[in-house]
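Okay, thanks for coming, everyone.

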Amino acid sequence: MRSPPAWAYFLLRVVRNDGILMQDDKYKKLIAVMVCVGCICVLSVFCSLLQLQNMKHMENRMTFMENMLLAMNRIEAGNRSAEEVIRMNADGSMEAGQQSAEADVVEVEQDINMSAALGKNAEEEEGIIKIYLTFDDGPSIYTDDILDILDKYGVKATFFVNGKEGYEEQYRRIVAEGHTLGMHSYSHDYSKVYADLDSFADDMYTLQTYLYELTGVECELYRFPGGSSNNASKIDMTRCIQYLNAKGIRYFDWNVSSGDASGGYKSADTIALNVMSQIKALDADTMVVLFHDASGKSTTVEALPMIIEKIQAMDDTELLPITDDTQPIQHISVHE
Ligand SMILES: [Zn+2]
């Protein structure tokens, strides 16, 4: 008579539970395989969860990279368009045009610094988002148009102006209509403003005096030409900041850029899209938006109603002029 097959004998011993768990090598191998399969399953689930999380990080990085690319394109456009800027300045000299183009490029460079330094602040409290529209380089042929639009929508803004002849009425109108007047250097000529600390101080004092005589306002707000983190200054910018601090003058950079300073043509739609996409992406409760009130920037004026309407349609935002209570947005902070 044939003896039963090995597997039947094995099964019989399992049923009888006669110590096979401890003694039989085959059974030990089976348990080892099952443990391995279990581990692999657990690891797979863990890896899937990890991958999901990485995908979210990748999305954030992609958004950041897109913003960086956009800013890089602006710089390229700024470099290409130096000649165009010279042509646009119909009433200015060629030198002034070149300087303006240089200013545009440097200010656009700050967009990148801004993204890196102030891109997102997770510690901001939730609540109403305060948005400050700011206009640099004015007054200009467009100041009245900008003021008309702001008046129509009941919005107060901030003008960081230069020292210019022939725009006396516009300086006064800015103040009379309740907007904030800030300084942006008298000459906006980097080679003069940033030659040394004395030149910087002289330029600022000249503008402060000029504005006081015209409007009766003693300005205590400053925006550096090119921003506080500009690459054009021969002075260590922390010395300029310390000088302003000592004088009790607060300076503001920006954390949202309209991109209207890159020199090349920017449509009103592009400017509006730039502003609104950054406002939606930025996790901050104070947003300072950079615009330019300058010849050749007609599309900034065109974009303004669209931008104001979109912001006013958001129920968690408020459009305000910069005041003493405004949280400073600064690319470089110097604490003494
Ligand atoms: Zn400027």
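**Around α10**

Just after α10, Gly-248 has a positive phi, about 75°. Quick housekeeping: this is a predicted model, where local features need pLDDT of at least 70, side-chain atom pairs count only at pLDDT 80 or more, and totals for chains, interfaces and linings use all residues. Residues are numbered from 1 along each chain as its sequence is written. Helices (H or I, at least four residues) and strands (E, at least two) are DSSP runs, numbered from the N terminus.

So which residues of α10 are buried? Met-237, Cys-240, Ile-241 and Leu-244, where buried means 20 or more other C-beta atoms within 10 Å of the residue's own, and exposed means 12 or fewer, with partly exposed in between, C-beta atoms being placed from the backbone. Down the axis of α10, those buried residues fall within an arc of 100°, so they line one face of the helix; the arc is that of the directions from the helix axis to the C-beta atoms. Turned away from that buried side, we've got exposed Thr-238 and Ala-246.

And what covers the buried residues of α10? The cover includes α9, β4 (221-222) and β5 (250-251), with contact meaning C-beta atoms, placed from the backbone, within 7 Å.

Now over to α7, residues 168-176. Its buried residues are Gln-170, Tyr-171 and Ile-174. They span an arc of only 105° around the axis, which puts them on the same side of α7. Their cover includes α6, β2, β3 and, again, α9. After α7 comes Gly-178, with a positive phi near 85°.

How values were computed:
Two residues are in contact if their C-beta atoms, placed from the backbone, lie within 7 Å.
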